[in-house]
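This report describes a single protein chain from its overall surface down to individual side-chain contacts. Please keep the sequence and the structure in view while reading.

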Amino acid sequence: TRRSSDLLDLLEGVGVNKQAEELRAALKKHEIRATKELQAWQQRIEEASAELARVTGANTEKLERVAELTRTQHRLEKELNSAQTKMVADTGPSREAMRKEREQLVNLVKLQAKEMEALKAEINMLRHKGGAIYAPAQ
């Protein structure tokens with residue numbers, strides 16, 4: 001029975017070794033699957049990083065273009081404002097200048113009206129004295 005006890009121990013050892021082998025095989029399969037999954041995720045990360053770099057570069061170019069267009073817009077607006085200011089200045093006399101010119105013209109008309117009255121009075125005076133005047137009859 002010693003022999004059967006040894007045989008039994010041996011069979012139990014084989015059973016334990018068989019379970020250990022099965023566990024080792026399952027562990028190995030799990031490690032292989034985890035390694036493949038890890039490699040897949042690393043590949044995805046690399047692809048996402050490359051895509052991020054590409055998109056960041058494209059966005060940087062677009063932002064630089066926006067900045068360039070904004071600078072151009074500001075320059076054009078400044079030129080337009082300058083041209084409008086110059087055009088307003090060149091369009092003609094100011095209200096004050098126009099008022100002064102009108103006032104001068106009114107004064108000139110009044111002065112000419114006084115001169116005409118004086119000339120009419122002189123003509124009438126000469127008519128009464130009997131002088132020959134070549135003025136149209138009224």
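The chain exposes about 13,300 Å², of which carbon and sulfur atoms supply 59%; accessible areas here come from the Shrake-Rupley method with a 1.4 Å probe, and for residues only the protein chains shown count as cover. The model is a predicted one, in which local features need pLDDT of at least 70 and side-chain atom pairs count only at pLDDT 80 or more, whereas totals for chains, interfaces and linings use all residues. Residues are numbered from 1 along each chain as its sequence is written, and side-chain values use heavy atoms, with hydrogens and water left out.

**Overall architecture**

The secondary structure comes to two helices and zero strands, where helices (H or I, at least four residues) and strands (E, at least two) are DSSP runs numbered from the N terminus. Helix α1 covers residues 2-90, and helix α2 covers residues 95-129. Of the 138 residues in the chain, buried residues make up 0%; buried means under 20% relative accessible area, exposed means over 50%, and partly exposed lies in between (1.4 Å probe, protein chains only).

**Salt bridges along the helices**

A search of the whole structure finds six salt bridges, each defined as a side-chain nitrogen of Lys or Arg within 4 Å of a carboxyl oxygen of Asp or Glu.

| Pair | N to O distance |
|---|---|
| R54 and E51 | 2.6 Å |
| R65 and E68 | 3.2 Å |
| R99 and E96 | 2.6 Å |

In helix α1, R54 and E51 are three residues apart, so about one helical turn separates them.

R99 is partly exposed, with a relative accessible area of 42%, and E96 is partly exposed at 41%. This pair belongs to a network of salt bridges that links E96, R99 and E103.

**A nonpolar patch**

Which residues make a nonpolar surface patch? L105, L108 and L111 make one of about 280 Å². Patches are made of residues with over 30% relative accessible area and no salt bridge, like charges being joined within 9 Å and nonpolar side chains (Val, Leu, Ile, Met, Phe, Trp, Tyr) within 5 Å. L105 lies in helix α2 and is partly exposed, with a relative accessible area of 49%.
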